[in-house]
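Please find below a colleague's note on the structure shown here. The points are numbered and may be taken one at a time.

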Amino acid sequence: QVQLVESGGGLVQAGGSLRLSCSASGSIYAVNNMGWYRQAPGKERELVATVITGGSPNYANFGKGRFTLSRDNAKNTVSLQMNSLRPEDTAVYYCYLRIIPPYGRSTDYWGKGTLVTVSQ
């Protein structure tokens, strides 16, 4: 069983910064895609940034130049540094992990989410 534990959400003023962290535990294959999605009230969940093992981060347009995704493969952790935050970044941020086995189907896992609130 795979578990994802998130930390780092909170309240910040516009223009401020937050750092989200996620730690994965359990049976995790070496090849996987890990990162963050978010869901604002009344909106669908959307990709923020992900990175596959050995690859470069993939960012949503709204995060380019403001968000930085980093991962530690040895520790199965991923962090999202968010700078220049805007009120429209307010959302629940979910840690995401897709395990890609050498054979068979991939499996997606989600954290419980951490709330980020950006005030004017």
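How many helices and how many strands are there in the chain?

1. Secondary structure. The chain contains 0 helices and 11 strands; helices (H or I, at least four residues) and strands (E, at least two) are DSSP runs, numbered from the N terminus. Read from the N terminus on, the order of elements is β-β-β-β-β-β-β-β-β-β-β.

2. Basis of the note. The model is predicted: local features need pLDDT of at least 70 and side-chain atom pairs count only at pLDDT 80 or more, whereas totals for chains, interfaces and linings use all residues. Residues are numbered from 1 along each chain as its sequence is written, and side-chain values use heavy atoms, with hydrogens and water left out.

3. Overall dimensions. The C-alpha trace of the chain spans about 50 × 25 × 25 Å along its principal axes. The radius of gyration of the chain is 14 Å, which agrees with the value near 14 Å for a compact globule with 120 residues. The radius is taken over C-alpha atoms, and the globule rule is 2.2 Å times the number of residues to the power 0.38.

4. Burial and surface. Of the 120 residues of the chain, 38% count as buried. Buried means under 20% relative accessible area, exposed means over 50%, and partly exposed lies in between (1.4 Å probe, protein chains only). The chain exposes about 6600 Å², of which carbon and sulfur atoms supply 47%; accessible areas come from the Shrake-Rupley method with a 1.4 Å probe, and for residues only the protein chains shown count as cover.

5. Contacts along the chain. Contact means heavy atoms within 4.5 Å. Among contacts between residues at least 6 apart in sequence, 55% join residues at least 24 apart.

6. The disulfide. Which residues does the disulfide join? A search of the whole structure finds 1 disulfide, defined as a pair of cysteine sulfur atoms within 2.5 Å. Cys 22 is joined to Cys 95, with an S to S distance of 2.0 Å. This pair links distant parts of the chain, with Cys 22 in strand E3 (residues 18–25) and Cys 95 in strand E9 (residues 91–99), 73 residues apart. The link of Cys 22 and Cys 95 is left-handed, with -85° about the S-S bond, and both Cys 22 and Cys 95 are buried.

7. Aromatic pairs. The structure holds 4 aromatic pairs. Rings of Phe, Tyr and Trp (its six-membered ring) pair if their centres lie within 6.5 Å; planes under 30 degrees apart count as stacked, over 60 as edge-to-face and the rest as tilted. Why is the pair of Tyr 37 and Trp 110 edge-to-face? The planes of the two rings, Tyr 37 and Trp 110, stand at 75° with centres 5.1 Å apart, so the pair is edge-to-face. Because Tyr 37 lies in strand E4 (residues 32–39) and Trp 110 in strand E10 (residues 107–110), the pair ties together parts that are 73 residues apart in sequence. Tyr 37 counts as buried at 19% relative accessibility, whereas Trp 110 is partly exposed at 37%. Another edge-to-face pair consists of Phe 62 and Phe 67, 6.3 Å centre to centre with 80° between the planes; Phe 67 is buried, at 4%.

8. Tyr 37, Tyr 96 and Trp 110 form one aromatic cluster. Arg 45 lies over the face of Trp 110, at 4.6 Å from the ring centre. The charged end of Arg 45 also sits over the ring of Tyr 94, 3.7 Å from its centre. A charge sits over a ring if NZ of Lys or CZ of Arg is within 6 Å of the ring centre and within 35 degrees of the ring normal.

9. Is Val 48 buried or exposed? Val 48, found in strand E5 (residues 46–52), is buried with a relative accessible area of 0%. Trp 36 is found in strand E4 and counts as buried at 0% relative accessibility.
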